[in-house]
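Here's a quick tour of how the parts of this model meet. Have the structure open as you read.

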Amino acid sequence: MEALAQFFAIYGSLINFIGINAILALSLYLTLAAGQLSMGSAAFAGIGGYTAGILTMKLGVPFLPAVAAGSVVAGIAGLLIGLPVLRLTGVFLAIATLSFGEVVRIAVLNVDITGGAQGLVGIPNHTKTWGIYLALMVVGYGIARLRYSRIGWCFESIREDETAAKAMGIDTTYYKILAFVLGAMLAGFAGALYAHLNYLITPREFGFSVAVDLLIYNIVGGTRAWYGPVFGAILLTALPEILRGTGITAGPMRMATNGLILLAVILFLPNGLVSIFRRTGTKREKSPLAASEEA
Amino acid sequence: MDLLAQQLVNGLFIGSVYGLFAIGYTLVFGVLDILNLAHAAVFTLGGLIALWLVETCGLSIWMAFPASVLICGLLGLLLDRVAFAPLRQRADSNFSGLISSIAMAIIFESAALGLFGARTVRFPAHTVSVSVWRWEGLSITSLQVEIVAISILLMFALTQFLNRARVGKAIRAVAENDRTARLLGIHVDGIIAFTFFISSALGGAAGILFGLYFDSLSPDMGRSIELKGLAVIILGGMGSIPGAILGGLAFGLSEVLTVAITGTSNLRDAVAFTVLFTVLVLRPSGLFGRKKLREA
Amino acid sequence: MHNVQRRKLIVVALFMAAGLFSGQICTQSFAAATEAKIGFAFSMTGAAASYGATQTKGAQMAVDEINAAAGAEGIKISPIFEDDASVPQQGINVFNKFINADKVSLIIGPTLSNTAQVTDRIAQTAGVPVLAISNTAKGITEIGDFIFRDSLTEMVVIPNTIKIVKEKFGVKKVAVFYGNDDAFTKGGYEAFKKALADAGMEILTEQTFAKGDRDFSPQLTQIKGKNPDAIIVSALVEEASGIVSQARQLGIPATVPIIGGNGFNSPALIKNAGEAAEGVIMGAAWNVTSTNPVNTKFVEAFTAKNGGAPDQFAAQAYTGVYIAYEALKKAGSTTDHKAIRDALLQLKDLDTVLGKFSFTPERDANHVPVVQIVKGGKFAVLE
């Protein structure tokens, strides 16, 4: 028992971090599921995190309502941004959401209430490990169910071929915005949890490189099922520690390993690492549209 | 009055470096419809390799510059070979190309980190002899003039090349429609590889000039210019070389003037990204881009 | 099918956990009764890497000297050096490791006040003493009674600097240029502002920059346009180097001195800014030419070992290790944190490289500051 307690003392923050990254990866997954490459997840997480942090710190709002508020505010931001931006496709959408993310980061940097560049210091530590993983399981379950609901199939059809979906009478705009807003809310939720983890959040933690990391978790894990991004998040967040155990500690080597894994996946396993397991998957998963799936 | 003039000089100077960087970006996008996010990493490596050549190998900067530019061109070929060519057959090649360029960027940056260390390094003093010219309160260094001259020269050479030379025209043909180009007997894969060569060479050149002027090189120096380069090519229009040049200058000026007016560097990027966002929403093809927007 | 998949995942997860766990057990070392583990949290990479590098050298030298002299009965120091990457997030991980995994006697560091703001809270809650050796911003020792520092604060050094500058150069109007994204540079700015007001000097303009900025010409051009008598800069060494060289390049004459805070006290400034660094003035806690015998011995040994003279950061790190050692001896224990804390507090007039050293009741450093000027490529005392 003592050894277990020690394990948590050392790796506690890593385990927390893995959980949060998994939820964040899922928030990106939601938009990818509808075929949208949104790079704004990090910014929405930041909005959620700062909102919740300011509420608990300055206004003494209790933890859960603050987190909910953070989520909602992020969702509203998602709606406001989504409307003008969802006309764009592919790379342009990615760049637009990215620039939105940068504008948010700079705004936060310059406003006093967010503590500026030094961030919010002294946020009460409310987030517990079990809370994070409970949330992760609920979210994972929810997304898994979503996949086979009407909404999920609409997302899937938009992702595969938007024009055909429109021709079939699906209100693609509505569903795209829905995916975007849900993704934003989930990101805001994760951000709010994260804010209450380590006393401190800074604008740097919600910037461009984080957005790229989330994309990498999704790609490496695989975007065909909800456990793909989760797996990607777990693997890549824990990777530095695993490498440390095998003796590879230098910063460059870890970074290079991340890059090499991503390259290998995109070249040889474009559906992510989880597709290794799914080769033994059930027939139920394959819809006729899957014929276009590159294996 | 000369305050404004000095700020304009500052802005034009940094703008020409941005423009040089952006040209490489937009060249690849115009030809391949792919965003090569490893471009910033090549920018970084260009500067660091030049530093290594000057410091460790004792070359003069006039030798190290072309040598490093050449090496960056070769890195571009490597990029094409490893990260882009294998994916060309795929239906979603734009997206997967983007991802693999991110992967290569990470690998390049970790190489820079491993080979050159995490610290900020500098070209040895007197690598380039600098004289300062003062005139009516305006201050311009010879280094600034040299850098602007080199940037303009390279940009001009590229534009001429694309318009006049056979290979240049072939590149434009492939950019227009690669299938037709193939039918016309153009060796498309080779042209694409060559485009990468030029693009990365230019990126590396921009990195060396940046490092020379700001007297500081570090493995993450690409980060700051990565997003700006993106903004520049969107503003100027993806695939348009004049757009990239003008966009770069406009960007440089807006940056400098924003900082001058607000007295703080915090908002420097805000103006840029707000403009970028607005341009994307209102007119995604940018100022000079092609009207039809391909699926990217 | 699903069961097979699930089993595979579980097995993988177990292996990962086992890997993490076993790696941890193997690296854990058990300290002998007279061995004290000290955790050094320095910035070896990132914005503060220049400081971290010399701090490591200074600390290592002190550790080696102490261990060599310890003999069979004395306390040996078992140092653990970790990199906090100049950012609070990494500092948190490092402190957690020191406190929970390595179970150190005390922690020396972190390099930046910006990081200390966050990490020291963790140590305070855990009741582990922290001896800062380069934190000079406000609000560090206020975090709690386990937090100490041997580095003179900006609140002490800067007013002294301004006073002397006013006397020697008759400065009346200044421009202020500071980094607004770091606790240290911002704190330095506030200290400068107060000192300037107390000295009756006028601030013509205030400009700011951020860590990692390379281009300072827009702000410097504005500053030049105002024609100040002097430019006050609160920056870390990377930015300071850029500011100093670009200021001269832009044509700000040498008759307008640049005055800096603690961030300027690194030889990296002279190396990077080259000739532009001539005549730059900064307040400091230590000067290499000080004739105090402990110091001359230290400077000789350091120069012989490292091929170059030490800087203030190395000096304060070296002093910090000796202070910690004295406290450990007095406390008579390497594990009783409260005893170590009390012993630190009671130290009086210890002979160190910095001079006679004591802690104030608020656990800050207590000794006389100096004002330095760069002359002939070296730090000299401003006469």
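Before going on, a word on the model: it's predicted, so local features need pLDDT of at least 70 and side-chain atom pairs count only at pLDDT 80 or more, while totals for chains, interfaces and linings use all residues. Residues are numbered from 1 along each chain as its sequence is written, with chains lettered from A and ligands numbered from 1 in the order in which they are written.

Domain 1 of chain C puts 15 residues into the contact and domain 2 of chain C puts in 18 (in contact: C-beta atoms, placed from the backbone, within 7 Å). On the domain 1 side, α2 (49-70), α4 (113-126) and α11 (312-331) of chain C supply at least two residues each. Helices here are DSSP runs of H or I, at least four residues long, numbered from the N terminus. The most comes from α4(C), with three residues.

By type, that side of domain 1 of chain C has seven nonpolar, six polar and two charged residues. Nonpolar covers Ala, Val, Leu, Ile, Met, Phe, Trp, Tyr, Cys and Pro; Asp, Glu, Lys and Arg are charged; the others, Gly among them, are polar.

## Chain A against chain B

Here 32 residues of chain A meet 37 residues of chain B. On the chain A side, α3 (63-85), α4 (90-110), α9 (208-221) and α11 (251-268) each bring at least two residues, and α4(A) has the largest share, 12 residues. That side of chain A splits into 23 nonpolar, seven polar and two charged residues.

Key
Contact = placed C-beta atoms within 7 Å.
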